[in-house]
Amino acid sequence: MKIDNNKIKNEITGVATEWDFSGNFILIKHNEVLHHDVYGYMNREENIKANDETRYTLDANAKSFVNLAIVSAIDRGLLSLKDTLDRYLPKYKHGKQITVEHLIKNLTGISDFYYEGLMVDLENDETYHKLSVEERMRLEQKSYYEKRDLESVMSIIDSKKLDAKPGDVDGEGSKTNEVILIEILRQVTGQTVLEYLEEHIFKSLDMSICEGACHKTFSYRVHDTDQLVGMPLDYHVDGLFNVSSDDVTKLMRSIVNQELFSKKMWKKIMKRDAYGNNLLFDNANGYDCFSAEFLGFGFYPYFNFENGVAFTSLVNEHQQYKHVDGTMHYFRKDSREIVSSLTTYPEQTKMVAMSKKYFWHAISIDIEESQQRFVLDTKASIAMALLYPTKKAFLQLEGNTIIGLLVLEIDKKKDNYDIDIIIIDKKYQGRGYGKLMVKWAVEKLKSEGAKKLTIGVHKQNLGAKKIYMNAGFNPSAVGEGGMQLSMEIE
């Protein structure tokens, strides 16, 4: 895989400028830094630009850092994924149903003390509604950080029923889960999350973290997709520490090279569910990712364990959003697509049947504008495959990244076998993926019993015609605009 560092720099800088991005963007491959730059402001209100020395405040008690600490403690034999919650909170009535693994994966069904408790109280408070939008946002954050201690949280959720059966929830999570995990870690180690991370992770990686907030760097949250709201820290929060870009680079290296835990633990971590998520990471079209936020600060790393590529944005401003043609766009998504397009080549290509695991990323396969008049769009193609029993949809993956869509006609009763649709995402065209897909399609249809294959193609779709004819298809019928290509199978 040959990576053009200059092109990466230019394109990331372009999207950072487009989004008025503030923070660091770091891209590595195993131990090599491919791109690192600093953008925007460390204090927008005072017009102070960010630089290489800018530090960012993070929260050790954020769920992702808590998960890292808990998994490390499991790796050291201090507790187990299968431990039930009643072992640590014997008075909690639902404890026997909930495991440590449920807590890590956000599958507990436990009520969210913040959204279903504190925020409901604020909503019913007339004083809250008299505040400005900015003041309400600041009060909401302060309420969360000042009332997330175990005693306060349990007083809110202790008498409530579970929202769902443990293991059957969607994994979006409850903020209560992290509070309970913090207590479990305290019981098995005698340490806070920050103390544990410092001793067992940060120190071993030679990270120069500093306890407490960095007040030189000011943070902002976003209201209504694009309005920045300053978030002054004028109250105490336990577990804060501040980091440099070098610190998070060291952590990313350790994770992408799978050095942070034992091989046995990594095997447990990487076991995926039906949506491609695993113990520590969510699936973002082939990238394993997590997020750690505090006020407007954030650390958002992405990992491709197949090719060793990892990248992150380390920020002091929450990202802005916008809708374009019905699709949500934001800096992290746009930068992820740039990295993916410039670092993905045929190495571990495979075809898989369409399933719910891939659905939401599959519908975002983007067709080159010049080809849109030749094929159905991706959503229509998938819908057709789901509605017609003889249509079968398959996805082409590079590692775990979706590259393209294939729809085949497999009608054994009528002895009809066609290649209906081939779409390669525009980010990955010109790299041989179309050729690989056609080759696989031919072998698949042959295995289903096909003796003859057909495919329709527009006469002006020269790229597609070339791929099909190189694969052994020949013209069998030609119309004014389209033509049919056929192949006899021995």
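Visitor: How far apart are the closest N and O atoms in the salt bridge of Glu183 with Arg186?

Guide: This is a predicted model, in which local features need pLDDT of at least 70, side-chain atom pairs count only at pLDDT 80 or more, and totals for chains, interfaces and linings use all residues. Residues are numbered from 1 along each chain as its sequence is written, and side-chain values use heavy atoms, with hydrogens and water left out. A salt bridge needs a side-chain nitrogen of Lys or Arg within 4 Å of a carboxyl oxygen of Asp or Glu. Glu183 and Arg186 form one, and their closest N and O atoms are separated by 2.7 Å.

Visitor: Why are Glu183 and Arg186 separated by about one helical turn?

Guide: Helices are DSSP runs of H or I with at least four residues, strands are runs of E with at least two, and both are numbered from the N terminus. Glu183 and Arg186 are about one helical turn apart because they stand three residues apart in helix H8 (residues 175-189).

Visitor: Is Glu183 buried or exposed?

Guide: Buried means under 20% relative accessible area, exposed over 50%, and partly exposed in between (1.4 Å probe, protein chains only). Glu183 has 12% relative accessibility, so the residue counts as buried.

Visitor: Which residue forms a salt bridge with Glu317?

Guide: Glu317 lies in the loop between strand S14 (309-315) and strand S15 (321-324), and its partner lies in the loop between strand S3 (41-43) and strand S4 (48-49), so the pair ties together parts that are 273 residues apart in sequence. The closest N and O atoms are 2.9 Å apart, and the partner is Arg44.

Visitor: How many aromatic pairs does a search of the whole structure find?

Guide: Rings of Phe, Tyr and Trp (its six-membered ring) pair if their centres lie within 6.5 Å; planes under 30 degrees apart count as stacked, over 60 as edge-to-face and the rest as tilted. Over the whole structure, the number of aromatic pairs found is 27.

Visitor: What are the rings of Tyr114 and Tyr144 to each other, edge-to-face or stacked?

Guide: Tyr114 lies in helix H4 (residues 114-123) and Tyr144 in helix H6 (residues 133-146). Their ring centres are 5.2 Å apart and their planes stand at 65°, so the pair is edge-to-face.

Visitor: Which residue has its charged end over the ring of Tyr144?

Guide: A charge sits over a ring if NZ of Lys or CZ of Arg is within 6 Å of the ring centre and within 35 degrees of the ring normal. At 5.0 Å from the centre of the Tyr144 ring, the charged end belongs to Lys175.
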